[in-house]
Amino acid sequence: MAEGGAKSMHDGDKGRGGDDEVQTVEGVFSWSAAWCMMFWVVAFICCAAMGVLTFQGAGIERISQEISFIREQNPPYGPSEQPDPIAGMRDINKPFKYHLPQEALFYSMASSAFGLFTVSFFTNTMLLEAQGARRNVDIAWLISRGVQVYIERTIPVIAGFLFAAGFYVYLTVGFGTLACFIAGSCLNLLSCRIGLSMTVQGTGRLAHAMGEELSVSVQLGLRCGSIGGILSTSLALGGMAGMWFWILDTEFLCGFGSGASIVSFYLRVGGGIFSKGAEIGADLVSDMSENALDEDRRVYELQQRMQEMEKMRQERLAKGLAEEEEDMMDQLRMMEEEMSDVAAELHPIDFLDAVGENICDVCGTCADLFESMVLILSTSAIIGSKGSAVPHFLTGLPFWICASGNIGCSVMAYKSYVTDRYTARNVRWSFRLNLFLVILFVQLIQLGVSYMEWLRGSITFEMFWQFSLISTMGQLAPEICVFFGEYFTSTDYFPVKSLAQNSHMGVVQVVLQGLGQGFLSTMFPAVVVVGIVLLTWGYQGHYGLALLSSSSVSGTGFQGGIASFGAISTNAHKIVHLTTYHSMTRHRANILAAVGDTTAHAGNTISAVNAFSSVFNIAVTLLAKTYTRLNINYQAVSGPPLSEWSQAGLVLGVVMSFVFTANTTLSCLETSKSFMRFCKESDDVNKIESLPFPGSHYKALKILSSYGTVTSMRMVFGPIINTLSCPMLGGFFLGTRGLIFLVSGGNVMVLCLSIFLLNSGQSWVAARKLILLGKLKDSKGNSVGPDSNAFENLGVGVMIGGPFEDTSGPALNNFIKFAAVYAFVTEDLYDPTPENTWHYGFMALFGSLFLGAFSRFGLSILLSCVTSFLKQRQLQKEKFEAMQKEIPIVEEEEDEELAAIAAADQEG
């Protein structure tokens with residue numbers, strides 16, 4: 001990789017500061033990304049060639065043998081040799097063979113290669129962008145160090161969980177599932193690590209690009225965010241297609257989703273606890289410290305002064321007076337120095353919020369979307385092969401849809417139409433237009449593939465048009481839910497403006513109105529999802545739900561990209577307001593931050609909808625697998641499952657969802673209090689006054705990041721135990737009948753509760769930013785600022801809503817997915833009814849309570865002992881080193897004394 005340098009450039013033409021030269025750090029060229037681009041071009045050509053050869057009948061024949069869920073004619077595409085050639089049919093719980101959908105798999109691998117080429121290209125172009133002025137680079141570097149500390153300490157812990165889970169997988173289901181488990185977990189970790197690293201690299205560059213046109217800033221931010229989003233979907237899609245082509249059996253693909261679930265759960269829950277614990281802890285530390293500067297107030301005051309200066313300049317121009325440029329430049333230089341002081345005088349923990357923003361919104365969201373895609377594709381393959389009449393086509397159709405979506409998302413991430421006159425709402429609708437073009441492209445491919453299959457005669461025309469309708473509804477459903485969520489959480493619409501206007505009436509008004517709007521916002525997405533599910537079930541039953549969920553993740557690459565864009569733009573906005581006084585630069589930063597808030601929230605909403613779809617698929621697959629093992633047609637099951645066990649399962653699913661929510665929320669609060677105590681008791685977390693920024697903050701931020709990582713590790717054990725105990729309690733106490741309804745009931749509960757927590761939390765945050773940006777006026781037309789009662793009252797809402805929005809709400813999606821996956825993997829442990837297993841339920845209950853208590857108290861004591869031991873070792877080491885330094889001094893003094901004595905003797 002070539003090293004970037006620094007060059008002098010005059011920024012006066014861009015309005016950044018007159019005639020003074022500003023040292024701008026240049027970008028770098030990545031040879032690694034360039035070599036990756038060439039590799040993925042070759043991979044795309046190879047996959048496309050293999051797809052063409054397979055279509056012409058000259059490819060490699062791959063035949064899979066499965067256990068059938070239904071009684072049906074042998075697959076229409078063969079092969080002719082079946083396990084039971086006499087009957088001419090496949091029967092329930094009996095093996096059958098079919099040809100893999102190799103054209104769809106090679107198309108998926110080619111789509112993955114195209115997406116990875118796009119990621120490599122975006123990486124290189126982003127790194128070539130100028131990094132900005134020295135202060136920009138300093139702040140971005142400081143944030144990147146905190147992120148690096150978190151990742152370096154988190155990955156070994158995740159690896160430990162994966163090793164334990166992988167050993168269990170190998171013992172219970174064998175090597176095939178273990179291979180998929182390893183592939184899913186490693187690819188998910190890889191996508192998160194690279195996506196997070198490139199996002200951090202792009203933050204400072206985006207802050208610098210905001211000094212240019214808005215379209216340049218939006219384009220750079222979109223491409224940086226898309227690195228993580230498209231990387232996740234490309235690795236998920238290509239990994240699933242490649243593993244299936246290799247291992248053949250769809251049952252093994254569940255291991256792919258299991259490995260991804262563990263990684264996703266830890267990064268989402270642990271990252272959320274770290275992020276919000278650090279944010280609330282920073283607020284507590286600021287309140288505790290008498291000399292701490294209020295960042296929000298300083299930023300607001302500087303912005304107001306800039307607006308006043310601009311207004312005075314316009315008035316002088318209107319009167320035909322000179323602008324007095326020298327006086328204006330003196331004021332601007334003074335303001336720049338003042339902003340530099342803001343960054344240097346902040347407590348190091350205030351930068352930890354930016355670290356958590358990247359971990360939560362980039363790492364967590366991308367891992368979540370990766371998990372949802374692989375779970376949906378694996379369960380769709382199981383339902384399409386074992387439970388349908390045409391396995392060759394119906395297993396391949398979800399891959400055709402997702403692969404087309406990945407290509408469309410990659411193309412649309414290259415460009416989004418924006419002009420300098422665009423508002424935040426205009427930019428958001430431009431992103432939405434790109435997504436609609438992706439939907440159109442996917443439908444063209446889906447129509448073409450389904451039409452060709454109809455011509456072959458394996459599906460009816462009724463199935464053809466129903467598939468088209470279902471896939472269209474699946475693609476539109478997430479975006480419809482996002483739109484309703486944005487209406488209740490964006491500063492452009494009435495609900496947030498109303499919340500801000502009424503905030504002067506007190507904390508009670510703020511809290512109750514935010515909660516009320518959150519409850520109301522849940523109704524619309526729930527009605528849309530329920531209506532679409534009912535319509536789909538009426539058309540195509542279980543396979544229709546699989547197709548619906550596959551379509552819902554077809555736009556995940558672009559949606560994940562703009563979700564990551566939210567974290568990049570938010571942190572770049574902070575850098576701009578701490579370093580730049582140019583009004584248009586700050587205006588663009590405000591626009592991108594407003595867009596970023598809505599897109600990050602959209603990513604969480606998409607995660608909720610996709611989690612609902614994937615768990616619905618898992619529940620159907622669990623139902624089919626359970627009753628197929630009993631030689632019962634699962635599609636005809638009715639009556640007996642609707643018993644006391646199923647009703648108890650519904651109740652238990654709701655209860656466990658609330659327990660998990662309480663667990664994660666309390667973990668956030670405990671982490672924030674731990675940060676406050678640590679900052680109060682330790683002098684190592686204060687900045688070093690003798691060093692210039694960022695060296696003054698580096699050591700403290702590294703210590704805080706390390707401490708927060710360890711604390712979040714300890715806090716995530718409780719939610720993990722909560723999640724693992726959920727299916728075990730349901731399975732042992734209620735049997736598989738109750739377990740299926742536990743998963744289904746918990747899934748519906750989680751969808752509604754997650755959307756409520758997301759929207760209510762974001763509404764308070766948006767209302768407070770409305771004041772911070774000077775957009776709320778009082779009755780006299782004056783701006784309401786951070787010193788107002790309204791801002792203080794909304795601060796209480798933000799403190800409440802922060803854990804809702806970034807931790808408990810998104811984590812619920814991972815809770816229900818992980819619980820559903822674990823229920824599916826351990827299904828063999830349970831009987832249909834609990835007469836013979838209920839006593840194991842008590843063992844699971846007491847075991848989970850003991851482990852939960854140990855994680856909350858015992859682990860704290862253990863970590864305290866380890867910390868004390870390490871501190872003692874460090875002190876002893878320092879003492880020993882000091883003694884070693886003193887020994888030569890003592891010896892030198894003794895030599896001098898002996899020399900003096902010898903000299904005196906000679907003189908005598």
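This is a predicted model: local features need pLDDT of at least 70, side-chain atom pairs count only at pLDDT 80 or more; totals for chains, interfaces and linings use all residues.
Q: How many salt bridges does a search of the whole structure find?
A: Side chains of opposite charge can pair when their charged atoms come close. A search of the whole structure for such salt bridges gives a total of 17.

Q: Which parts does the salt bridge between Glu371 and Lys817 tie together, and how far apart are they in sequence?
A: The side chains of Glu371 and Lys817 meet in a salt bridge at 3.0 Å, N to O. Glu371 belongs to helix α9 (residues 352–386) and Lys817 to helix α19 (residues 789–825), so the pair ties together parts whose separation in sequence is 446 residues.

Q: Is Glu371 buried or exposed?
A: Glu371 is linked with Arg268, Asp368 and Lys817 in a network of salt bridges. Buried means under 20% relative accessible area. Because its relative accessibility is 0%, Glu371 counts as buried.

Q: Which helix holds both Arg456 and Glu453?
A: Arg456 forms a salt bridge with Glu453, with 3.0 Å between the closest N and O atoms. Arg456 is partly exposed at 47% relative accessibility, whereas Glu453 is buried at 2%. The two residues lie three residues apart, about one turn of the helix, in α11.

Q: Which element gives the largest share of the nonpolar patch?
A: The patch on the surface has about 790 Å² of accessible area together, and its residues include Trp429, Leu433 and Phe483. Two or more residues come from each of α11 (424–456) and α12 (461–489). The largest share, six residues, comes from α11.

Technical notes: Residues are numbered from 1 along each chain as its sequence is written. Side-chain values use heavy atoms; hydrogens and water are left out. Patches are made of residues with over 30% relative accessible area and no salt bridge: like charges are joined within 9 Å, nonpolar side chains (Val, Leu, Ile, Met, Phe, Trp, Tyr) within 5 Å. Accessible areas come from the Shrake-Rupley method with a 1.4 Å probe; for residues, only the protein chains shown count as cover. A salt bridge is a side-chain nitrogen of Lys or Arg within 4 Å of a carboxyl oxygen of Asp or Glu. Helices (H or I, at least four residues) and strands (E, at least two) are DSSP runs, numbered from the N terminus. Buried means under 20% relative accessible area, exposed over 50%, partly exposed in between (1.4 Å probe, protein chains only).
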